[in-house]
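Subject: A structure for you to explore

Hi there,

Here is the structure I promised to pass on to you. Please open it next to this email and follow along as you read.

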Amino acid sequence: MGSLIIDLQKDILNNEDIKTILNKALMISNELNLKEFNEWINLELNGYGDMDNLPSYRILECELRANLIDQTGFNIVTASNVPISNIPEDIYKQLMEIHINQSIFDLINICNENQDYVHFTIDLNIENLLKKYYVNNAIEIHRVCPIFKLETILEQVKKEIMIWCSELKKNGIFGESYMFAVEEQERVKAINPIILSNSSIYIQNNFIQINNSEKKDILFHLNAIKEVLHDENIKKEYVDEINEKMSIIDNELKKDNPDIKIMTDNINFLKEFVTQFLANVIANILIQHFDSILSILSNIQLPM
């Protein structure tokens, strides 16, 4: 007697095509009305639109490389390791982590290109910042990731589906005769939260509802920061960098459901930036306002 769950596990153990495995898993999740797994499988098949809402196994460490002008000023050294030090932790994390949002199909194609490394660009603002303050002899800066790290994403997807199948079997859900009994469909409703809690596929929702009082308090501190930038004798390039990040926060506050991660990441970036490049007295004043904004954001509850 055939079983949908056991057959899917056999496909994984026999190293069947990952696209076939995902499509079978999608069919099962549809039959059992498992909304979260259905969403996850569709994201793996079609790609993740939101870079901030990726499962942890899709965030990979990389290396920073650059094409540099040598000391003579005439020769170019390609793909050289970037010699950076004392870089703010927030910027370093952004540089050394690659968020992989491509679909499974795209990842398979990349892995089949027989290349040892995959090249990724970096945010233009961060690249310009690096060229200005850390690697002023760089022509172009990029990131590289060994191909085997991308292959681990494919293996992790299989592993998650195998764990999912095992949990269903433990709770008497087999899909025998290639269909799920009414009792199995009812039973899965109770165990679904337990399965999710043991999985790596949960995607945190970073969108929040912020009340007028909280919004007003954040805007107060943003305006106070702008006044300091206007009154103090600060280099224009530094002011522009700070204003650019604050405009991102301003834009989020105008939305009905702002993204708390975007706002928090930009405030943390600004804290590191002013600590690194501004005089202590001015930096301390700005950091007080940044910390106040972070405190407000930390007290806002994320939706479950």
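**A loop between two helices**

Serine 177 sits in the loop that runs between α7 and α8 (182-197). This is a predicted model, so please read everything below with that in mind. The phi of serine 177 is near 60°, which is a positive value in a residue other than glycine. Tyrosine 178 is also in the loop between α7 and α8, and its phi, too, is a positive value near 60°. Why mention this at all? Most residues other than glycine have a negative phi.

How accessible are these two residues? Serine 177 has 42% relative accessibility and therefore counts as partly exposed.

**The chain as a whole**

Of its 304 residues, 47% count as buried. Take the contacts between residues at least 6 apart in sequence: 73% of them join residues at least 24 apart.

Helix α7 covers residues 147-170, which is 24 residues.

Before we look at helix pairs, here is a handy idea: two packed helices are described by the angle between their axes and the distance between the axes.

Start with α5 (residues 104-111) and α7. Their axes come within 10 Å and cross at roughly 140°. These two helices are therefore oblique to each other, and their crossing is left-handed. On the α5 side, the residues that meet α7 are Ile104, Leu107, Ile108, Ile110 and Cys111. On the α7 side, they are Ile147, Leu150, Glu151, Ile153, Leu154 and Val157. By class, this contact has 10 nonpolar, no polar and 1 charged residues.

The axes of α1 and α7 come within 10 Å and cross at roughly 150°. That makes α1 roughly antiparallel to α7, because an angle over 145 degrees falls in that class. The crossing of α1 with α7 is left-handed. From α1, the contact uses Ile5, Ile6, Leu8, Gln9, Ile12 and Leu13. From α7, it uses Lys158, Ile161, Met162, Trp164, Cys165, Ser166, Leu168 and Lys169. The residues of this contact divide into 10 nonpolar, 2 polar and 2 charged.

**Helix α1 and its partner α2**

Helix α1 (residues 4-13) also packs with helix α2 (residues 18-31), at an angle of about 165° and with the axes 10 Å apart. The pair is therefore roughly antiparallel, and the crossing of α1 and α2 is left-handed. Which residues meet here? Leu4, Ile5, Leu8, Asp11 and Ile12 in α1 meet Ile21, Lys24, Ala25, Met27 and Ile28 in α2. The contact of α1 with α2 has 8 nonpolar, no polar and 2 charged residues.

Find isoleucine 100, in the loop between β4 (97-99) and α5. Is isoleucine 100 buried or exposed? At 1% relative accessibility, it counts as buried. Leaving aside residues up to four places away in sequence, isoleucine 100 touches Leu54, Arg58, Leu60, Leu107, Phe120 and Ile153. Tyrosine 57 is 43 residues from isoleucine 100 in sequence, and their C-alpha atoms are 9.1 Å apart in space.

Then find glutamine 209, in the loop between α8 and α9 (212-231). At 66% relative accessibility, glutamine 209 counts as exposed. Glutamine 209 touches Asn257 and Ile300, again not counting residues up to four places away in sequence. How far apart are glutamine 209 and asparagine 257 in sequence and in space? They are 48 residues apart in sequence and 5.3 Å apart in space, C-alpha to C-alpha.

Best wishes

Definitions and conventions: Residues are numbered from 1 along each chain as its sequence is written. This is a predicted model: local features need pLDDT of at least 70, side-chain atom pairs count only at pLDDT 80 or more; totals for chains, interfaces and linings use all residues. Side-chain values use heavy atoms; hydrogens and water are left out. Axes are lines fitted to C-alpha atoms, for helices over the stretch in contact, and angles run from 0 to 180 degrees between N-to-C directions. Helices (H or I, at least four residues) and strands (E, at least two) are DSSP runs, numbered from the N terminus. Angles under 35 degrees count as roughly parallel, over 145 as roughly antiparallel, 65 to 115 as roughly perpendicular and the rest as oblique. A crossing is left-handed if the near helix is turned anticlockwise from the far one by less than a right angle, and right-handed if clockwise. Contact means heavy atoms within 4.5 Å. Ala, Val, Leu, Ile, Met, Phe, Trp, Tyr, Cys and Pro count as nonpolar, Asp, Glu, Lys and Arg as charged, and the others, Gly among them, as polar. The expected span of a helix is 1.5 Å times one less than its number of residues. Buried means under 20% relative accessible area, exposed over 50%, partly exposed in between (1.4 Å probe, protein chains only).
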